[in-house]
Amino acid sequence: MGIQPSYTGEPESLALPKRIGRLEELANNLWWSWHEDGRQVFRSLDYAQWRASNHNPVKQLREMSPEKLNSTAKDPAFLELYDSVIRQFDIDMRGEHAWFNWTYPEKQDMSTAYFSAEFAIHGSLPIYAGGLGVLAGDICKEASDLGVPLVAIGFMYPQGYFRQRVSADGWQQEVYAQLNFNEAPISSCPWPQGCGPFVSLQLGNRLLQLSVWQVRVGRVNMYLLDTDITENEPQDRVLSARLYTADPEERMRQLIVLGTGGVRVLRLLGINPSVWHANEDHTAFMMLERLREEMEKRASFQDAIEKVRASTIFTTHTPIPSGHNIFPVQLMDRYSANFWGSLGIGRDAFLKLGQYDGLEPGKFSMTAFALRLAGQANAVSRLHGQVTRKMWHVLWPERGEEKTPIIHITNGVHLPTWQAPEIKNLCGEYLGEAFLDKQDDAELWKCVSDIPDDRFWEVRQLLKTRLIRGIQDRAQQRWVEESVPAEQVPAMGTMLDPYALTIIFARRFAEYKRPHLILHDIDRLKKIITDPLRPVQIIFAGKSHPADIASKELLKGVYHVAMDRGFQGRIAFVEDYDMQLARDLVRGGDIWLNNPRRLQEACGTSGIKASMNGVINLSVRDGWWAEGYNGTNGWAIEGFKGGGPSEEDGSDAEALYHLLENKIIPLYYERDRQGVPHRWIELSKEAIKSIIPLFSACRMMKDYTEKMYCLPSQPPNSGHDGFKGTGNS
């Protein structure tokens with residue numbers, strides 16, 4: 001990466017007509033991204049430029065001519081929409097009627113700092129890789145909607161995650177693009193007088209400077225750390241360039257910057273949270289920095305630990321041991337000696353925070369460290385809670401496994417972001433316009449049954465047609481711009497058919513997610529897919545981690561199948577899975593396929609998003625589906641009876657094919673004379689009714705608030721194996 005200073009102060013202001021001058025404020029608050037009328041303002045402003053900007057209003061406004069802006073400022077129809085949206089925006093920003101304010105009037109001084117390595121709010125700010133970031137973004141949006149006082153800390157990744165291209169031989173290629181800060185919904189941090197513009201921290205043997213960017217997500221302020229400034233050494237300037245570097249030392253430096261730097265930023269801004277919420281072990285150095293603060297107040301090591309615990313929450317998402325950050329103690333020595341050495345803590349006492357019986361000697365576990373310094377901890381689904389308590393019972397050997405102090409709060413997704421406006425409007429007619437305010441009320445959703453089947457089916461077909469046309473547009477653009485070989489074009493989805501039963505497999509490519517499972521018996525699958533009377537098509541999408549060669553081989557295998565003429569163009573791999581494509585896929589498919597190896601999916605929220613739109617889940621009963629499946633809202637793949645991975649694949653593939661051949665395909669093509677599949681629609685409506693109230697971000701954030709944020713100070717989570725009683729030495 002070429003070293004160019006990214007910190008240029010406040011992005012340039014826009015010159016807008018006074019009458020519509022608040023468009024800049026609206027564009028720079030991502031509130032518009034989950035409010036349909038907010039998006040409609042920018043669509044109506046200039047639809048061609050809205051599309052050309054990839055739905056980025058900051059970029060759109062910068063590229064519009066003064067003549068166009070001036071004429072729009074005199075358009076009565078546009079001004080009526082503009083005024084209406086600004087009124088709603090102001091009401092929401094005041095938050096006077098928000099759930100938190102009237103539920104917890106005595107907690108108005110409470111605040112939560114939410115730390116995450118990535119946040120996915122909208123494609124105009126591409127600082128996310130996948131599900132962890134999407135969850136973090138949904139938490140911020142729902143906190144804004146409910147009025148939960150929350151501030152977010154993360155990284156500004158100027159290169160973000162990579163753009164994906166797949167070559168004619170099926171190999172994933174990573175393309176990195178530099179973010180144009182003048183075209184992103186960000187601003188420089190509004191420092192109090194005498195603070196900023198940089199924050200300093202010690203990184204090993206050198207001093208590092210951080211710049212800070214602010215992102216407004218409704219009422220939630222997000223602060224993003226950036227190391228790419230001229231004051232830093234070249235190797236430090238690239239620390240915040242990309243997500244998830246494979247180099248262990250660079251990775252550790254990133255985590256130190258996120259945790260330590262994030263605490264210091266909040267302190268300088270005068271923000272002193274009452275609750276500190278760490279999203280996964282990437283953020284655990286936040287706890288170490290606060291431990292240092294307490295010890296500088298002359299607290300003993302044990303007292304400092306208990307003080308940090310009393311206000312710390314830790315969420316773990318990883319049921320796979322290899323997914324946790326484990327570093328050599330030599331690296332910990334290099335970057336933590338300034339901590340334990342200057343405060344008089346013995347090295348062994350410090351290292352015990354990240355060690356436990358069974359961990360490889362000479363290693364330090366960031367998850368063990370986080371669990372020991374968190375007063376409360378949670379997994380992200382009921383089944384994941386069981387797996388996590390078993391995995392980390394080693395830290396509490398004196399307790400029974402079921403008493404391991406890790407609860408579960410099942411993930412949810414942000415309904416206004418992921419439900420199609422057409423489905424929302426249809427639900428609004430029968431549930432009432434204010435149904436979003438009661439979205440976690442299961443009784444309310446029973447009214448979905450009252451929607452006429454023909455109207456419901458018309459909307460479902462509209463969403464599928466839109467998905468397929470969008471995929472075909474992507475393929476056409478790629479073919480025109482990059483001279484894709486002709487034999488590769490059908491694999492990109494150009495021959496997809498809106499009439500055919502459409503199965504979606506879209507998620508990060510990884511072996512445990514088994515993207516290859518449905519391809520287990522190629523001849524049998526060809527017979528299923530190419531039936532002339534009851535055709536089926538499969539759309540794959542997802543990225544492999546750049547350093548995961550095994551995952552790339554899986555992707556290559558899927559792509560080769562998509563290029564097989566024997567499938568008649570009915571298998572497609574759609575490149576560059578991002579938030580926009582994800583929205584189209586969860587809205588436009590018929591079946592959402594999810595078949596991870598059992599007990600390896602912590603939650604997996606994409607199927608929830610699909611259900612919100614009436615897309616029916618076909619899934620192994622793992623993650624959220626283990627508690628979401630009720631027998632009438634989708635299908636469970638239940639073939640596995642025991643054995644190793646090959647036996648699991650074989651039995652699950654057989655169960656999957658059996659469901660397709662004998663239940664799913666016949667049901668989909670069972671139509672009345674008008675072509676409406678009434679029994680299929682009954683299942684689709686049941687998915688909406690049963691899943692939205694239980695798996696919305698609204699329910700999730702109320703759970704976090706009631707079970708963790710607003711509880712009285714918790715008793716110290718002490719008594720850890722090999723840990724209690726280690727004080728100053």
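The model is predicted; local features need pLDDT of at least 70, side-chain atom pairs count only at pLDDT 80 or more, and totals for chains, interfaces and linings use all residues. Residues are numbered from 1 along each chain as its sequence is written, and side-chain values use heavy atoms, without hydrogens or water.

**Exercise 1.** Determine how S551 is placed and what it contacts.

*Solution.* Start with the helix. S551 belongs to α21, residues 549–562 (helices are DSSP runs of H or I, at least four residues, numbered from the N terminus). Next, accessibility. S551 counts as buried because its relative accessibility is 2%, and buried means under 20% relative accessible area with a 1.4 Å probe, protein chains only. Then contacts (heavy atoms within 4.5 Å). Beyond neighbours within four places in sequence, S551 touches F509, A510 and S544. Finally, the S551 side chain reaches the backbone oxygen of F509 at 2.7 Å.

**Exercise 2.** Work out how many residues of helix α15 are buried, and which side chain reaches in at its start.

*Solution.* At the start of α15, a side-chain oxygen of S365 comes to within 3.4 Å of the backbone nitrogen of T367.

**Exercise 3.** Identify the residues with the most contacts inside the largest nonpolar core.

*Solution.* A nonpolar core joins buried Ala, Val, Leu, Ile, Met, Phe, Trp, Tyr and Cys residues through side-chain atoms within 4.5 Å. The largest has 139 residues, and L23, F350 and Y709 have the most contacts inside it. Helix α10 (residues 248–268) gives the most to this core, 8 residues. Now take F350. Beyond four places in sequence, its contacts include F364 and F369.

Note on methods. Buried means under 20% relative accessible area, exposed over 50%, partly exposed in between (1.4 Å probe, protein chains only). Helices (H or I, at least four residues) and strands (E, at least two) are DSSP runs, numbered from the N terminus. A polar contact is a pair of N or O atoms within 3.5 Å; within protein, one must be able to donate a hydrogen and the other to accept it, and residues adjacent in sequence count only if both atoms are side-chain atoms.
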